[in-house]
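Here is a friendly walk through one structure. Please have a look at it before reading on.

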Amino acid sequence: MAPRHAAISPLLALGLLALAGVILPLVTGDSYYLDVATTIVMNLLLTMSLRMQISTGQLNMAHISFMGIGAYTSALLAMRAGLSFWLTLWVGALVAAAFAVPIGAIALRLTGPYYFLITFAFSEVARLIFNNFFVGLLGGPSGLVEIPPPGPLLSVAFTGKLELYCLMLGLFLLGAAILVRLEYSRFGLAAGAIRQGELLSATLGVDVLRYKLTAFVLGSAMAGIAGAFFAHSHRVLHSSDFGLEPMVQLVIFTVIGGVGSIWGPVIGTVLMTVASELMRELRHYETLVFGLVLILTMLFLPDGLVSVPSRLVRALARTRARRGAIGVDVAT
Amino acid sequence: MSLSLLVQALLNGFGLAMAYVLVALGLTLIFSILEIINFAHGEFYMVGGFVAYLAFGVWGLPYLVALLGAIICVAAAGVIAERLVFRHLRGKTLNAFIVSLGLLWVMQAAAQLVFGVQDKSVPSPFSGIVRFSGVVISVERLAVTLAAAALIVALYAFLEHTRTGRAMRATAQDADAAALLGVNIEAVSALGFGVGCGLAGASGALLAPLFSVSPSMGALPVVKAFIIIIIGGMGSLPGAVLGGLLLGALEGVGTLFFSSAAVNLLGFLMVIAVLLLRPRGLLGGT
């Protein structure tokens, strides 16, 4: 079992995150900042759930497709069946999870680069279906337009940017609380064990496939929620929203932040989004700088930005040790 | 349906597939030696296209010189990329993937800054068509197919019959054992990366007159190459050729019956089927 203090600090961190999220709209009412903040919070739900899947050792390139399944399900139920967003949101998540069960069961039979590639193939199949098949239903290459915004709830109208931001923040905090709870539970321990030695964990009685499938399905449900929110806040859906490019963006946010810690994706998503907004003026240079940052970060900080503090502490300890013990060879 | 129509469809499919096999061979060679998936491989193809555009289309050098120039320049770029970046990531699949994405962006953005985003057309070095009992094929496509086949044979001869080629295969099988037996695996992996990228550059230069060149031209062939090497088996060179032939046949014949989107879908479904039934690919090791 994890020591007691280990369970207090994540709660503290989650509280700080919630506090920051609540304070933000009080500091600025600017609609551009609110838009960026809403996108960040939506991406946080996606990257934190993606990181939970990676924590069992494998990168799922089809994460974005489950966001797409949630988005299309919720949008279609609202548009064609006239159901309320407050219902379709959860149906979207359930349908994404329902698709995740067989797809996960098939894909998780593979490991390493093969898993990566089969999930990539699944994501392309999903994107091609969104774009080219069932055109009457899914809208084909022109996508879905005029998706209704969330209806009023408890006499609050969800039409303004502030209300949408608060809605996404609430959904994210719910998801983050579940992920934190899982990380510091038997599930988190098992996931770590599987990541470090899959065969060994299996021989010690960990049901590897069950944990991996649980992570896959739960993560997909969270992606479905983010997708449903995306559909009703953007009010337009297009197959390219769920293609390789946005998926790659999620992977970069997650890995640059660091997959070793549950807070890695938070750091990566916030910093990278802010950086890319700041560099927007640079046009082609933005991609150039972004690419270089990516390469250098992976070369010099292979465990991501989240490892910077512990690296600094270790470097400091090393210099202290060297000073304290002159003449003694420091092994590390 | 007449037989000649079927043969025509197969030839159309195979013609382009051979050029994509070159991209796939490079990708699979790099995977076998460094155990990394290089998503930026299509960008080396793109550089090959631009070298051909400059040398043949702008400076008016002979096409063969442009092709050789493309191979050499892109191979050199590959060696540089391996020495500066990828050698540090041997076997680290996830990190190498992110780094290759970064490289993809850097190369695309650099190409956009130098050449602009507009497509550039490259004049065709060959003209005319060949007719053969009801089947028609353009000389240009025939030349691409033959040149690609020649390069595949050259690669095979190099890997099978030269000392360096043997060292490369040994490193691919087991890098530690190869190093113990005196193979300079650092040099081999740099050379392997260079050869792999050079093949992509050759493919880009070969296809430049058929399609126009643009900074984003690498996206399509790299996806095709991935399909090819998964079907054939990652790291298997004969597998890449077989995978290319199968994909070419599927795409050539598939377009007779289905829309292009459905053919693309079939390609990915084939990938999923192969990964499930034989994860190491049709000709991959066990």
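## Ground rules

This is a predicted model, in which local features need pLDDT of at least 70 and side-chain atom pairs count only at pLDDT 80 or more, while totals for chains, interfaces and linings use all residues. Residues are numbered from 1 along each chain as its sequence is written, and chains are lettered from A and ligands numbered from 1 in the order in which they are written.

## Chain B as a whole

Chain B has 11 helices and 2 strands, where helices (H or I, at least four residues) and strands (E, at least two) are DSSP runs numbered from the N terminus. From the N terminus, the order is α-α-α-α-β-β-α-α-α-α-α-α-α. The radius of gyration of chain B, taken over C-alpha atoms, is 19 Å, close to the 19 Å from the globule rule (2.2 Å times the number of residues to the power 0.38) for 286 residues, so chain B is as compact as a globular protein of that length.

The C-alpha trace of chain B spans about 60 × 50 × 35 Å along its principal axes.

## A helix pair in chain A

Now to α2 (residues 31-54) and α11 (residues 244-257) of chain A: their axes, lines fitted to C-alpha atoms over the stretch in contact, come within 9 Å and cross at roughly 70°, on a scale from 0 to 180 degrees between N-to-C directions. The two helices are therefore roughly perpendicular (65 to 115 degrees).

From α2(A), the contact (C-beta atoms, placed from the backbone, within 7 Å) involves A:Asn43, A:Leu46, A:Thr47, A:Leu50, A:Arg51 and A:Ile54. From α11(A) come A:Leu250, A:Phe253 and A:Thr254.

Notes: Parallel < 35°, antiparallel > 145°, perpendicular 65-115°, else oblique. Contact = placed C-beta atoms within 7 Å.
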